[in-house]
Amino acid sequence: MSSAVAARPGTAEPWRDPAADPFLRIEGVTKRFDGFVALDAVTLPIYRGELFALLGASGSGKSTLLRCLAGFIEPDAGRIVLDGQDLAGVPPYERPINMMFQSYALFPHMTVAQNIGFGLRQEGAPKALIADRVAEMLALVQMEGFGNRKPAALSGGQKARVALARALAKRPKLLLLDEPLSALDKNLREATQFELVNIQERTGTTFVIVTHDQEEAMTMATRLAVMDRGTLAQVGTPGEVYEFPNSRFTAEFLGTANILEGVIEAADDQVTRIGSSELDFDILAEAGALKPIGSRAYVAIRPERMRIERTDPATPLADNRLVGRVRDIAYFGDFFMYYVVLDSGKEIRVSQPNLRRMTARPVDWDDRVAVTWDAEASMVLPE
Amino acid sequence: MKGRLGRAIVLALPWSWMALFFVVPFLIVLTIAFAEPSEGLPPYTPLLRWSEEGGPVIQLNLANFRLFLEDPFYLEAGLRSLRVAAISATLCLLIGYPMALAIARAPERWRATLLMLVILPFWTSFLLRITAWIGILQDQGWLNSALMALGVIREPLRLLYTDFALYIGITYCYLPFMVLPLYATLSKLDPALLEAAEDLGARPWRAFLQVTLPLSMPGVVAGFLLVFIPVVGEFVIPELLGGPGAQLIGRVLWTEFFQNRDWPLASALAVVLLMILVAPIALFQARAAREGR
């Protein structure tokens, strides 16, 4: 179903191969805190070399899952198997897993080089080998010449690089990243995102990254899991989850979506017709909606897939066409977001790219407008 | 202009406090230290005298300082005081560090109570608490009675008026001065640092040695000095619990001042003591300033 969605070039997609063996198997992992279920029987296979993102709001359980992988939390039930090794009862200091902490957690009393070499020193590696590896890591994150600085003398972006270098120095089988870029400002964050992906591809290490930033997850991840109240709401490539959300929750969590409610009235091999009490007209969607005729369905439509134009009451009514009044217009620079109130009182968001400089907007406040979209833009939600 | 005046007023208060209660008394002590003892009131000679030709003459008497260096009695008392203070501060550190660490890592809701328990003895009179130790440690005291009742010993142990009693008393009294600065440093330590150490392969004990301990050094040094400095001049606890043989500098000072009425010598001893104690504080300050940069 995702043939239309672009994959990262050169990336194999082992999750599509039923014979492929997952590198990390999370099986039925459950964790409760004082009666509150933080993780509810989470099962998730992750493959070698993936950059997998756990995406969710705070309290969704994504951090708890990450801490279970690191070994700071022991699950109440379920198992975690990495490269064939069951990690139950293995303390953090014996796991072949390293973590880049949200606050970076650089040791303030050690230099950058001592920080990066810390993990290797614990193994009793020879000094010459540690020095070589530290130099290699400094080069990897483009921090040559900073080895003798203390963390306090580094900028936020530099600290992030050192934290990454320290976590990679022991060549872990699995690298965990806890909101790695949340402390950086927007421009630096975007640049660092690309660099992280670059480093991940060069080292071939499997990354699991926790983030609440959907852009970060979308741009970086090979696959992502949207988490909600301790469960996985949806797992897939960023494109799959964005274009084929399986529920209202994921449709609204990843990107923006207008949700319309209706009943499936007819379906043939061309089109699915959904009748709605909210609207005067039917919603047309692509064929292949998984639900039987007569069942209730939610339809999600992305604001950027909708068109908006001024209309007069004489225009004939039609399917996939909503009429309302512009309540508000938000200017984002690269696009406008129109807030359209339908006669039923429902609000619809429509975005239009800001294609030409200094032109008058075709639609203004309080205009009566028609909002239209193509049938293929209607995403019928399975849940 | 107005802001500067306000700042001057705010700063004037601590400065005048320091001047009035530290600088002036110290200058008085310093003056007396360079005088000679004499009969009468005050029991020392003035520094500034009028010579027979009519001009003013300042007479500095260095004999008191020389005595400290030449008479082994004073030097030994000084060294013994430093040793007792060092051992006491070490004992406090060994007992206080685990306590402070336990409190810092206790659940949030318990910390205030545990800290209160550390400070609680201060609410009872200091003398009363020391006297209580006499009751515990004396030949017919609670400890000996209990040990004899249990059959561990037949004869009462000699506990009171020994170094053992001295260290118990000092450690007991000064422990909170060690625990509080240690707690302050340890509770501010980011728990993520320890997790990072463990994540990178450090077993808990190594993580403690490589991360917790070095990062708590400011607390260790502050606690050590807070115990060490007052114990060097401690007079009451050695007097009440310690043995008769071991003269400490505080006791010597008291004897010279009140019994021998040799104010200049007592003052000279006090000045020397201060000089010895200033050195470690200055070192600590320099270290703290370097760390801060």
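A nonpolar core here is a set of buried Ala, Val, Leu, Ile, Met, Phe, Trp, Tyr and Cys residues joined through side-chain atoms within 4.5 Å, and buried means under 20% relative accessible area with a 1.4 Å probe, counting protein chains only. This is a predicted model, where local features need pLDDT of at least 70, side-chain atom pairs count only at pLDDT 80 or more, and totals for chains, interfaces and linings use all residues. Residues are numbered from 1 along each chain as its sequence is written, and side-chain values use heavy atoms, with hydrogens and water left out.

**Nonpolar cores**
- The largest core has 58 residues, and the members touching the most others are B:Y97, B:Y174, B:I237 and B:L241.
- Looking at contacts (heavy atoms within 4.5 Å) and skipping residues up to four places away in sequence, B:L241 touches several residues, including B:W133, B:Y161 and B:G169.
- A second, separate core of 46 residues includes A:Y104, A:V112, A:V141 and A:A217.

**Transmembrane stretches**
- An unreviewed UniProt entry marks "transmembrane region" at residues 82-102, 114-136, 164-186, 207-232 and 263-284 of chain B; such annotations may be inferred rather than shown by experiment.
- Residues 164-186 of chain B are 100% helix (DSSP H or I runs of at least four residues), with end C-alpha atoms 30 Å apart.
- Residues 207-232 of chain B are 96% helix and 0% strand, and their end C-alpha atoms lie 34 Å apart.

**Around B:S267**
- B:S267 sits in helix α13, residues 263-292 of chain B.
- B:S267 counts as buried because its relative accessibility is 6%.
- Setting aside residues up to four places away in sequence, B:S267 touches B:V29, B:I32 and B:A33.

Conventions
Chains are lettered from A and ligands numbered from 1 in the order in which they are written. Helices (H or I, at least four residues) and strands (E, at least two) are DSSP runs, numbered from the N terminus. Buried means under 20% relative accessible area, exposed over 50%, partly exposed in between (1.4 Å probe, protein chains only).
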